[in-house]
Amino acid sequence: MERKFDKVVALAKARGFVFPSSEIYGGLGSINDYGPLGVELKNNIKKAWWDFMLSHRNIVGLDSGILMHPKIWEASGHVAGFSDPLVDCKKCKSRFRADHLLESLGIKPDFSPGSKIDMKKLACPECGGELTDIRQFNLMFKTFIGPVESEANQIYLRPETAQGIYVNFLNVKESMRLKVPFGIAQIGKAFRNEITPGNFIFRMREFEQMEMQYFVEEKESMQAFKDWRELRREWYLSLGMNEKNLRFREHESDELAHYAKAAIDIEYNFGFSENESFKELEGIHHRGTWDLSRHQEYSGQKLTVKDEENKDYLPTVVETSIGADRAFLAFMLEAYTEIEGGRSTTTESNKEKEVVLKLHPKLAPIKIAILPLSKKENLSAKAESVYAELSKHYRVQYDETGSIGKRYRRQDEIGTPYCLTVDFDTLENNKVTVRDRDTMKQDLVDIAELEAYFLEKFNF
Ligand code: GAP
């Protein structure tokens with residue numbers, strides 16, 4: 001049976017959500033482009049996240065550079081430690097992440113000194129060939145700043161947005177006259193030269209993160225960690241996620257970084273395979289004072305703030321970090337619904353399988369479709385004037401080709417919450433029919449009242 005995941009990938013390409021990058025040149029490993037509907041959906045997800053974060057009184061925004069001082073990545077530990085264990089097949093030259101390979105064989109990856117795991121004893125899953133020893137492979141993309149391509153001018157494309165927040169911590173605090181606790185939110189591109197990218201937009205080499213670093217006194221930090229866990233859960237549910245498809249996985253103590261007190265992965269039921277259903281969508285991390293203390297050490301600049309007794313201290317950080325692309329995939333999967341036998345009553349669509357993308361109206365790329373019943377001039381003129389008015393406020397699509405049943409189904413497939421038909425009665429009574437994507441309920445609405453009607457519908 002075809003997986004829901006494969007159906008969503010096919011729909012995404014066919015209906016202009018996601019295209020493989022550089023496709024006419026054969027594509028470029030795990031980079032994807034967002035098409036006309038994809039960019040709308042992704043922007044809506046980012047806006048929903050941004051509005052949610054900035055609606056907290058003590059959270060402010062930031063947009064820092066993708067290119068940053070190379071010492072930042074020494075301080076953060078990325079130069080020394082942001083690597084994946086890699087093995088190659090000597091025969092077919094396939095390349096694998098050693099930890100993924102072991103996990104797929106049911107072996108807990110353990111690369112600590114003294115570990116008994118010998119990759120050479122395992123066979124290549126592709127051809128059965130012999131595997132090499134494990135090598136560590138740094139995931140950061142390198143480039144050069146300025147005209148000279150020398151080691152002294154080497155810099156990195158950021159592998160996460162969070163470091164831009166840490167190094168601006170004092171700038172933000174002082175310019176905005178903030179007091180701890182406060183948070184800084186940022187949305188932006190990140191780059192990782194992943195060894196085994198894949199699963200469509202789940203793991204890419206160029207992707208987008210939505211990260212928020214919350215700076216808090218140590219004594220309040222565990223409460224903040226719990227609060228953010230709950231707040232993030234509510235965010236997903238408020239956008240239509242079914243709780244049964246979310247899992248909050250606490251990190252075991254041996255998974256935690258030495259400076260971290262707690263970490264949770266919010267996992268989504270992506271359903272890549274039977275034994276690979278829940279995968280990480282977001283991380284909530286208690287990072288202690290690690291990042292600020294490292295930047296203080298490497299920059300030589302004091303990054304402390306004063307407590308009530310006027311003593312200097314470094315705030316503790318609680319981070320929430322979610323990939324915009326993974327959120328996109330999760331919301332698409334969540335919304336994808338097939339109705340066997342169809343639900344329309346028109347003869348031609350009877351018994352056909354219908355696809356409805358039940359996206360939350362806030363996320364839907366197109367909010368309203370305008371469907372004139374015929375291409376007759378007087379109907380088109382009326383429909384176009386409705387389009388002109390509504391498109392001032394909403395993303396609206398005008399579609400006059402094909403039967404009305406087919407047009408409804410095209411809109412259902414891309415998740416449009418409301419379809420508005422203009423028919424010959426409209427010319428007499430100035431009323432249009434508005435059909436709800438999920439309930440199929442139809443309302444007859446006076447054109448003069450459309451603005452108020454949709455204001456109420458999109459009031460979230
Ligand atoms: N600042 C913390 C941090 O970057 P992470 O777990 O490495 O933590 C956070 O990444 C989130 O970024 C992940 O939960 C995931 O949603 C997203 N992400 C990470 N690598 C990704 C990739 N290669 N492609 C798409 N999204 C990715």
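**Strands, a loop and a pocket in a predicted model**

Modeller: In this predicted model, strand 22 and strand 23 run antiparallel to each other and are joined by 5 bridges.

Colleague: What makes strand 22 and strand 23 a pair?

Modeller: Pairing needs at least two bridges between the strands. Strand 22 and strand 23 have 5 bridges, so they count as paired. As one example, K431 has D446 in strand 23 as its bridge partner.

Colleague: Why is strand 23 called an edge strand?

Modeller: The open sheet has 5 strands in the order 20-19-21-22-23, with mixed pairing. Strand 20 (396-398) and strand 23 are its edge strands, since each pairs on one side only. From one strand to the next, the twist averages 25°.

Colleague: T439 is in the loop between strand 22 (431-436) and strand 23 (442-446). Why is T439 called exposed?

Modeller: The cut-off for exposed is over 50% relative accessible area. T439 has 53% relative accessibility, so it counts as exposed.

Colleague: How do you know that the second largest pocket lies between domain 1 and domain 3?

Modeller: Domain 1 (4-68 + 145-332) and domain 3 (359-457) both give residues to the lining, so the pocket lies between them.

Colleague: What is the volume of the second largest pocket, and which residues are closest to its centre?

Modeller: The volume is about 300 Å³. Of the 14 lining residues, N44, K47, K362, K367 and F460 are the closest to the centre. By class, the lining has 6 nonpolar, 2 polar and 6 charged residues.

Methods
Residues are numbered from 1 along each chain as its sequence is written. This is a predicted model: local features need pLDDT of at least 70, side-chain atom pairs count only at pLDDT 80 or more; totals for chains, interfaces and linings use all residues. Side-chain values use heavy atoms; hydrogens and water are left out. On a 1 Å grid over the protein atoms alone, a cavity is a set of points where a 1.4 Å probe fits but cannot get out, and a pocket is an open set with protein on both sides within 12 Å along at least five of seven lines; lining residues have an atom within 4 Å of a point. Grid points are joined across faces, edges and corners, and a volume is the space filled by probe spheres set on the points. Ala, Val, Leu, Ile, Met, Phe, Trp, Tyr, Cys and Pro count as nonpolar, Asp, Glu, Lys and Arg as charged, and the others, Gly among them, as polar. Domain bounds come from an automatic or database domain assignment. Helices (H or I, at least four residues) and strands (E, at least two) are DSSP runs, numbered from the N terminus. Buried means under 20% relative accessible area, exposed over 50%, partly exposed in between (1.4 Å probe, protein chains only). Axes are lines fitted to C-alpha atoms, for helices over the stretch in contact, and angles run from 0 to 180 degrees between N-to-C directions.
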